[in-house]
Structures are given as C-alpha cells and as structure tokens.
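Subject: Structure handover

Hello,

Here is the structure I promised to pass on. My notes follow below it.

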Amino acid sequence: MNRALTLLSFGAILAFASTQLLAGGNAENGKKKAGTCFACHGTDGNAVDPQYPRLAGQYDEYIQQALHEYKDGRRNNAIMKGMDATLSDQDIEDIAAYFSSLPTKLDTLQGHVSGDK
Amino acid sequence: MTRLQLLSLAAAMAFLATAGAHAAGDKAAGKKLVYTCAGCHGVPGYSNAYPQYPVPKIAGQNEQYIINALHGYQSGDRTHPTMGAQAQSLSDTDIQNVAAYLSSLAQ
C-alpha cells in the first residue's frame, strides 16, 4: 500500500511537471497581443525594413529570451524596452508562440557554410 | 535648370553612390566568415548552455539587424559571453560581409 502510494504520488508529480513544461504560450492570444509588433516586424512576422529582425518561424524560446533581455536591460534598445515594459511573462510566452508559428524565411546555418554545400 | 541645381544634384548622386557602396557587404567573404558561427547556429535546436534556450536561426535574417546586433555585442549593449567574444574578433567590414551573406539566404 505504502509503495503504491509512493509510486502514485511520483507519477502525479511527473504528470504535473510535464504539463507545466508543455504549457507554453497560446498563439491565438499572442496574435491579439502582438498588434504593436506588426508596425515594425510585419503582420506576417517578416519585417520589410532590414533594420528590424524577421520573427516568423524563429525559435519560440529564443523570442521569449530576447523579450526578457530587452525588458530587463541585458539588451539595451530604447524601442524594444518601451514595447516590452508592459508585457507580462504570459504575454511574452503568447507572443513568442504566435511569431514562432508563422511561415518562415529563416533557417539554421546547416548546409550554408563554405565547404559543405 | 540652373547651374547650382545641377551641382547639388550631382552632389546628391555622389553621396547616394558612396552610401550604397559603403553598405554593400561581400557575400562570398561573408560565407567564409560564418564558418565559426555554424558551430552553434548551424545545429538545428542547439541550446545555449545557461540559461537554456535555442540559439537563434540567423540564415535569412535581415541585413541591417544583423549588423546592429553584432555591433551591440561589441559595445556591450547586448550581453552574451560567447557572442561578445566573437563580435570582438570581427571588423566593421567583416560584419557587413557576414550580414550580406546571411541575409541573402532568406528562403
């Protein structure tokens, strides 16, 4: 009985932990929150002005990381700091989920380096 | 058209021409330079050590953004140990060449 209980609680903890990991952002909500982003980063996440990065198809967690860095000053950028200031952690997850889900023009460097292609 | 107008037009053209020449990076030179970048940016899903997040996809990224980002790592406006060190090793011309090559890869 004791053993079964231990196992059960272990299982419950694992299940809970994995839902937390999988929770992530909600792309639908992110689209609604990303209105101000579109002016520079494009409605499709592919900024036309080359000074702004393409976000479409970028890694979800990387976009989150960048947004946190702009917010707390690890990246010093006046425009992004202002945009970020009012975003909650949940907003950041949702917006990252949205942009990362869009059709991309980006790629890793695999196959693009001198010598291997 | 008066002589003065012609002169200013010529000056404007010359300015535009040099601005254009200044901005254009050398893609072929950039392709050689990104060999180092591929150690991390060439591995799909490759993770930064701490904190953990995937290193960004940079092939096809916009040109001026890449230039600004690399200068940011050089100046300390962006803090990242590895990227700070890498950016220090690049000249302004290197950065333009890297950006020209990476941006040319947009799918």
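Start with the interface. Across the interface of chain A and chain B, 19 residue pairs are in polar contact, both residues being at pLDDT 80 or more. A polar contact is a pair of N or O atoms within 3.5 Å; within protein, one must be able to donate a hydrogen and the other to accept it, and residues adjacent in sequence count only if both atoms are side-chain atoms. By class, the side of chain A that touches chain B has 10 nonpolar, 10 polar and nine charged residues. Here Ala, Val, Leu, Ile, Met, Phe, Trp, Tyr, Cys and Pro count as nonpolar, Asp, Glu, Lys and Arg as charged, and the others, Gly among them, as polar.

Some ground rules. This is a predicted model: local features need pLDDT of at least 70, side-chain atom pairs count only at pLDDT 80 or more, and totals for chains, interfaces and linings use all residues. Residues are numbered from 1 along each chain as its sequence is written, chains are lettered from A and ligands numbered from 1 in the order in which they are written, and side-chain values use heavy atoms, with hydrogens and water left out.

Back to the interface. In contact (heavy atoms within 4.5 Å) are 29 residues of chain A and 34 residues of chain B. The area buried between them is about 2900 Å², with 53% from carbon and sulfur atoms. That is the accessible area (1.4 Å probe) that two parts lose on being put together, summed over both. Salt bridges between chain A and chain B number zero. A salt bridge puts a side-chain nitrogen of Lys or Arg within 4 Å of a carboxyl oxygen of Asp or Glu.

The structure does hold four salt bridges over all chains. Lys33(A) and Asp91(A) form one, at 2.8 Å, N to O. Lys33(A) lies in helix α2 and Asp91(A) in helix α6 of chain A, so the pair ties together parts 58 residues apart in sequence. Helices (H or I, at least four residues) are DSSP runs, numbered from the N terminus. Asp94(A) also bridges to Lys33(A), at 2.7 Å.

How exposed are these residues? Lys33(A) is partly exposed, at 32% relative accessible area. Asp91(A) is buried at 16%, and Asp94(A) is buried at 1%. Buried means under 20%, exposed over 50%, partly exposed in between (1.4 Å probe, protein chains only). Shared partners join Lys33(A), Asp91(A) and Asp94(A) into one salt-bridge network.

Best wishes

Note on methods: Helices (H or I, at least four residues) and strands (E, at least two) are DSSP runs, numbered from the N terminus.
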